[in-house]
Structure formats: C-alpha cells, structure tokens
Amino acid sequence: MNFAAVKSVEIPDGCVAKICSGDTVLWSAGILPSAYQAVEWIGTDGNAYFVSNFSINHLSKFTLYYTYSSPSNGVHMFGANGPDGYGVNAPRFLHRHGALVFNKNTTGGNVFLFSFAHDNTWHTYEIRCEHQGNINAHKDGSFLAESTFVNANVFYPFGVFCNNYNRAPASYKAVSGSKIKELRFVDETTGKDVFNPVPCYRKRDGVIGMFDVVSKAFFTNAGTGSFTKGADV
C-alpha cells in the first residue's frame, strides 16, 4: 500500500502516529493539526510580529532551542521584560540587538551573556537556565558561554520578531529579512515542551504564522507588515 497521500489514520482505540515495516517508517502523522501546513521557516519584513501566550514565570529549570537567521544587529528577535520593583531592574530575557539579555541575580539589573551572530545565515543555540543557578549556552553545537541566572518570575508574555517591552512590542521589532526555524522551550523538571511554535500557514486562506503545539494556539501577524515563509516540510 502507498501511504504517501495519507493524512491520518484512525483506529477504534485512538489515532495512529506511525506505521512501520520493520525499521522502515512507511507513514507518520505530522506535528500540526490537518488545517495547517508546516514550513521550513517564518520571516518578517520588519513590521510583522506577534506576542505569544507564553512566559517563563513558572519555570525553575528550562532549555531554549533556538534556530534563526538575521542580517543585522538592529534586531529584537524574541523576548519580554517585567516591571520594576521585584528586586531586579526591569527583568529581561530576550534576543536584543547583538546579545542575549538576562538577569544574573536577584539584586542587579540585566546583563549580556554573549553576542548573537547576525550574518544572514542560520545558527542554532541551546541555552540552559536554572533559577538561582547556572545559565550556559552552546552555538552550533559548540560551547559558547556561561554565568549565573535568576528567573524574576514577573515576565510579560514573550514577543516573537519583537520584544514585548512594557507591553509595547511595536516599538521593538526585528529587522527585515529576519527568520526563525525553531523557538522551543523545554521544562527540564518534566522533560516536556512548554512552548513550541511551529512555522506554518493555514491551508484554507494561506495566512502565515506559528502554531504552538503545546497551547494549540495559532499566532498570526499583529503588526502592519507581512510574514514570509520557507518551503513546505
């Protein structure tokens, strides 16, 4: 039987995720609902962005898996801040301009851990954080930097292709040509994803966005510009 055109398979006890013949996978279900088509990446023209429903407030130990491309340092790829008055000065966790900005301890302001590469090519970062513990980062599989980390637990929801700074994301946007393949947060206390927005488009009207497979929310452009997309995957 040819399974190439099969979109889903149902049996009385549930849905089949994969059909194999020995070690060969004949068919596997996609990560997205059937109404959406996953794509390789999502990009911005400099005026397209969204604010998600996710924050790191409840996380004591987490890892960010992040793959992006940007042509310039004048960029706010993702992030959020929190209000003053919580022992830290407007706590932040974000990719702003050339750096990852975060809080090192409970009394100081935000600091830079490392400089992001902005050379219009793809880079993958793995950033592990533990509240009142360690933060360490790897770039393209190699160790990059480490320090101490505190989660202030008062962050606003994360912006994507923007920084949700004081709930004014339109003032802090990524530059035209910026792209994201992955922006996935894993709660290391459970080993489960807590935010995994997949680049995609809605099949019925072609609207481009990101579908968070954790909260089942589809995020579309909240700005004045347009998203771009890569090839179907």
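**Exercise 1: aromatic pairs**

A search of the whole structure finds 25 aromatic pairs. Rings of Phe, Tyr and Trp (its six-membered ring) pair up if their centres lie within 6.5 Å; planes under 30 degrees apart are stacked, over 60 edge-to-face, the rest tilted. Keep in mind that this is a predicted model, where local features need pLDDT of at least 70, side-chain atom pairs need 80 or more, and totals for chains, interfaces and linings use all residues. Numbering runs from 1 along each chain as its sequence is written, and side-chain values use heavy atoms, with hydrogens and water left out.

Task: classify the pair of tyrosine 36 and phenylalanine 211.

Step 1: the centres are 4.9 Å apart and the planes make 40°. Step 2: that makes the pair tilted. Step 3: both residues, tyrosine 36 and phenylalanine 211, are buried (under 20% relative accessible area; exposed is over 50%, partly exposed in between; 1.4 Å probe, protein chains only).

**Exercise 2: another pair**

Task: classify the pair of tyrosine 66 and phenylalanine 78.

Step 1: their ring centres sit 4.9 Å apart with planes at 85°, so call this one edge-to-face. Step 2: check burial: tyrosine 66 has a relative accessible area of 0%, so it's buried, and phenylalanine 78 is buried at 0% too.

**Exercise 3: cysteines**

Task: find how many disulfides (cysteine sulfur atoms within 2.5 Å) there are, and check cysteine 129.

Step 1: the structure holds zero disulfides. Step 2: cysteine 129 has 2% relative accessibility, so it counts as buried.

Definitions and conventions
A disulfide is a pair of cysteine sulfur atoms within 2.5 Å.
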